[in-house]
Structures are given as structure tokens and as C-alpha cells.
Amino acid sequence: MQAFQLVAWQQPPQLREVPVPEPDAGEVLVKVGGAGACHSDLHLMDWPPGLMAFDPPFTLGHENAGWVERVGAGVRGVRPGDAVLVYGPWGCGRCAACRRSAENYCERQAEIAVMGGGLGRDGGMAEYELVPAERLLLPLGELDPREAAPLSDAALTPYHAIKRSLHKLVPGSSAVVIGAGGLGQMAIQLLGALAPARIVAVDVAPDKLAAAAEAGAEATVRADAPDAAEQVRAATRGRGAELVLDLVGGDATLALGARVARPEGDLTLVGLAGGTFPLSFFSQPYECAVATTYWGSAIELLEVIELARAGRIRAHVERYPLERAGEAYERLRAGRVEGRAVICPQG
Ligand SMILES: [Zn+2]
Ligand SMILES: [Zn+2]
């Protein structure tokens with residue numbers, strides 16, 4: 001079969017011929033319906049050797065959904081033909097974090113080294129993906145895997161980041177979403193579904209801000225405006241935001257986030273742009289908590305699927321055949337993807 005693989009660090013990925021894997025005991029072979037092209041893959045391609053605990057080659061694609069093709073011995077929870085969403089962070093499955101389904105924070109991550117399919121192990125940008133355990137597959141019901149694939153990262157990541165701050169998002173509160181691309185548009189829909197907060201979207205691109213307004217943002221602010229922080233604060237009635245979600249993570253967005261958060265708020269960094277924030281006593285409002293989050297738990301992913309099945313959230317998907325995966329990433333890098341680019345190996 002064809003697979004879109006990262007072959008070496010800092011080199012463009014390649015479409016290569018690889019054998020179809022055979023599921024061993026406990027494993028499941030998934031026929032890939034959709035594999036999302038994530039912005040974090042662009043960082044992964046650019047990073048130097050030695051930064052990650054794993055090395056290429058491996059098939060890209062850590063945001064996957066499809067249909068069960070074949071199951072290994074002892075697999076009883078899924079059957080061939082089932083539509084499934086692949087939970088992306090693959091932990092040990094046995095530590096305390098994994099037992100509460102938060103494999104994104106597996107205690108044995110350092111020892112396992114690889115982080116999941118598309119992140120050290122072969123991912124979903126191929127006709128088939130081998131998933132090492134049935135616990136990593138969640139039922140999609142009537143949802144189409146090609147449309148649902150982004151739920152496993154583009155929706156789960158902001159869902160987790162928002163859920164931990166939900167108790168602060170009371171009526172009259174504000175949430176600021178910095179970065180209105182695929183993740184940002186999903187974050188805005190999730191905020192609308194989960195909280196009565198006023199939503200403010202920030203981005204440099206006018207078309208992304210238009211999409212943010214359509215997704216439910218009540219105010220939109222150009223990040224490159226000289227008075228961007230004042231505009232955002234005005235949109236929060238001058239009080240600052242209970243939650244600032246930085247989906248970009250550059251120096252400028254972190255600095256903006258600290259200026260528009262309110263005392264006792266949360267400044268939550270999700271984006272991987274690699275910016276830094278010089279923390280000092282006066283660098284952010286009093287008791288404003290600065291935290292990173294990484295992905296989410298499998299139970300949270302079940303909740304995300306419920307929201308999608310109820311029609312409360314929907315990823316805007318641009319479909320690409322596997323042969324055009326390279327082009328999808330080029331468009332993503334150029335900021336020309338509307339919503340989420342999804343590679344559909346079965347057409
Ligand atoms: Zn991702
Ligand atoms: Zn674990």
C-alpha cells in the first residue's frame with residue numbers, strides 16, 4: 001500500500017510503498033477513512049534530530065478515523081466494518097494516568113518513547129493503520145470517518161483545554177481564542193456548546209476572523225492591529241478574560257494573552273510555535289494561571305463524539321486524496337486551508 005511518510009528529520013515527507021501490516025494478538029487493522037493534516041506535523045517536519053525521543057521513518061497522520069478491517073486474536077470489543085475514531089496518544093495503558101484514560105499524560109511516556117500513530121509509530125496517512133489495542137478505538141456510530149477524523153485532535157485538544165476552565169466561564173465571563181484556524185474554529189464552537197461566556201477571536205487573517213464569527217465569536221480582533229490588546233479588553237467589557245486560549249504560542253501571542261487575561265483567569269498555551277513568556281511577579285494579572293495542555297483523555301474524546309453526534313460541533317473539512325498529501329501540507333503552511341485538511345485514502 002501507499003503511505004505518506006516522514007523519512008528523515010527536516011526533509012519533506014514522501015509517498016512510499018509499504019506492506020499492509022497484519023494485526024497481531026490484541027491489535028486492530030483500521031481501513032483509514034480520514035487522516036487530518038495537523039499544524040503540529042509542520043513543526044515535526046522542521047524540528048532537528050534529537051528533539052523527539054523517536055526517529056523516522058514513520059507514516060504521518062495522528063488524527064485518524066476509519067473502519068475496522070481485521071482484528072488480531074483476543075480482540076472482542078470491535079468487529080470488521082465498525083466505524084471508529086482512533087484515540088491518538090498511545091500510552092502504556094496500565095499506569096494511573098492511562099487508567100483514567102489520560103494516555104496523553106502516560107507516566108511511562110519517556111520509557112515508551114513513541115507518542116502514537118503518526119508520532120513515532122505508523123499513523124493514518126496510508127490505506128491502513130495498525131492500532132496496537134482495541135481500547136484506543138472509539139465507536140463513531142453513524143458519523144462518517146472522513147468528516148469525523150478531526151474530532152480526535154482538532155476538537156479533543158481545545159475541548160480538554162476549555163473543560164479544565166469551565167468552572168470560571170460563568171454568565172458574564174469572556175473567553176479569548178488566539179488563532180482562528182482549524183483548532184480555533186473548533187474551540188469557538190466548543191465554547192458555544194459548553195459555556196455562556198462571551199467569545200473573542202484573534203487572528204492576523206481576515207478570512208479566518210470571518211470564519212470565527214460564523215462559528216460563534218461575538219467579537220473579532222486583528223492580531224496585528226497596534227491596539228489589539230485594548231480592542232480585546234474592550235470586547236471583554238474592560239475586565240479581561242477568564243480564559244485565554246493561545247492556539248499559536250508565539251512570543252507575541254503569549255504577550256498579548258497576558259495583557260488580556262483577568263486576575264484569577266487562565267492563560268492556556270496549546271500552540272507549538274515555540275515562543276517564550278518571561279514570567280515575573282508583574283508579567284500577568286494576579287493569580288492568573290499559565291499552563292500548557294497536551295491533547296486530551298479518551299473519556300473526553302467520547303464526550304466530543306457525543307457533541308458531534310448531537311450536531312453541536314462540526315469540523316469544516318477539505319478532502320484530499322493520499323497522492324495529494326504533500327500539497328495539503330503546503331497549503332496548510334501557506335495558511336490556505338479553510339478549516340481542516342483531511343487525507344482520504346479511500347477517496
Ligand atoms: Zn495534531
Ligand atoms: Zn501509561
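Predicted model: local features only at pLDDT ≥ 70, side-chain atom pairs only at ≥ 80, totals over all residues.
Trainee: Where does E287 lie?

Mentor: E287 sits in the loop between strand 15 and strand 16 (289-292). Strands (E, at least two residues) and helices (H or I, at least four) are DSSP runs, numbered from the N terminus. Residues are numbered from 1 along each chain as its sequence is written, with chains lettered from A and ligands numbered from 1 in the order in which they are written.

Trainee: Is E287 exposed or buried?

Mentor: Exposed, because its relative accessible area is 66%. The cut-offs are over 50% for exposed, under 20% for buried, and partly exposed in between, with a 1.4 Å probe and protein chains only.

Trainee: What about the phi of E287?

Mentor: Phi of E287 is positive, near 60 degrees, and the residue is not a glycine. Most residues other than glycine have a negative phi.

Trainee: And which value does phi take at E264?

Mentor: E264 has a positive phi too, of about 65 degrees, and is not a glycine either. E264 belongs to strand 15. Its relative accessibility is 51%, so E264 counts as exposed.

Trainee: What joins P56 and P57?

Mentor: A cis peptide bond, with omega about 5 degrees. Most peptide bonds are trans. P57 is in the loop between helix 1 (39-46) and strand 4.

Trainee: New topic, the metal. Which residues are the protein donors of the zinc ion?

Mentor: C38 through SG, H62 through NE2 and D153 through OD. They lie 1.8 to 2.2 Å from the zinc ion, which is ligand 1. Donors are N, O and S atoms within 2.8 Å of the metal (3.2 Å for Na, K and Ca); water is not among the atoms, so sites may look incomplete.

Trainee: How are the donor residues spaced in sequence?

Mentor: The pattern is C-x23-H-x90-D. H62 is in the loop between strand 4 (58-59) and strand 5 (64-71), and D153 is in the loop between helix 4 (145-148) and helix 5, so this pair ties together parts 91 residues apart in sequence.

Trainee: Are H62 and D153 buried or exposed?

Mentor: H62 and D153 are both buried.

Trainee: How many residues of helix 5 are buried?

Mentor: Seven of its eight, so helix 5 is mostly covered. They are L156, T157, P158, Y159, H160, A161 and I162.

Trainee: What do they pack against?

Mentor: Helix 6, strand 14 (241-246), strand 15 (261-269) and helix 10 (298-309). Contact here means heavy atoms within 4.5 Å.

Trainee: At what angle do the axes of helix 5 and helix 6 cross?

Mentor: Roughly 45 degrees, for helix 5 (residues 156-163) and helix 6 (residues 182-194), whose axes come within 9 Å. That makes helix 5 oblique to helix 6. Axes are lines fitted to C-alpha atoms, for helices over the stretch in contact, and angles run from 0 to 180 degrees between N-to-C directions. Under 35 degrees counts as roughly parallel, over 145 as roughly antiparallel, 65 to 115 as roughly perpendicular, and the rest as oblique.

Trainee: Which residues make the contact?

Mentor: T157, P158, Y159 and I162 of helix 5, with L183, A187, L190, L191 and L194 of helix 6. Eight of the contact residues are nonpolar, one is polar and none is charged. By class, Ala, Val, Leu, Ile, Met, Phe, Trp, Tyr, Cys and Pro are nonpolar, Asp, Glu, Lys and Arg charged, and the others, Gly among them, polar.

Trainee: At what angle do helix 8 and helix 9 cross?

Mentor: Roughly 40 degrees, with the axes of helix 8 (residues 228-235) and helix 9 (residues 251-260) coming within 9 Å. Helix 8 is therefore oblique to helix 9. The contact involves A228, A229, E230, V232 and R233 of helix 8 and L256, R259 and V260 of helix 9. That contact has five nonpolar, three charged and no polar residues.

Trainee: Last one. Where is S101?

Mentor: In the loop between helix 2 (96-99) and helix 3 (109-112). S101 counts as buried because its relative accessibility is 11%. Neighbours within four places in sequence aside, S101 is in contact with Y87, S297, A298 and I299.

Terms used. Heavy atoms only, no water.
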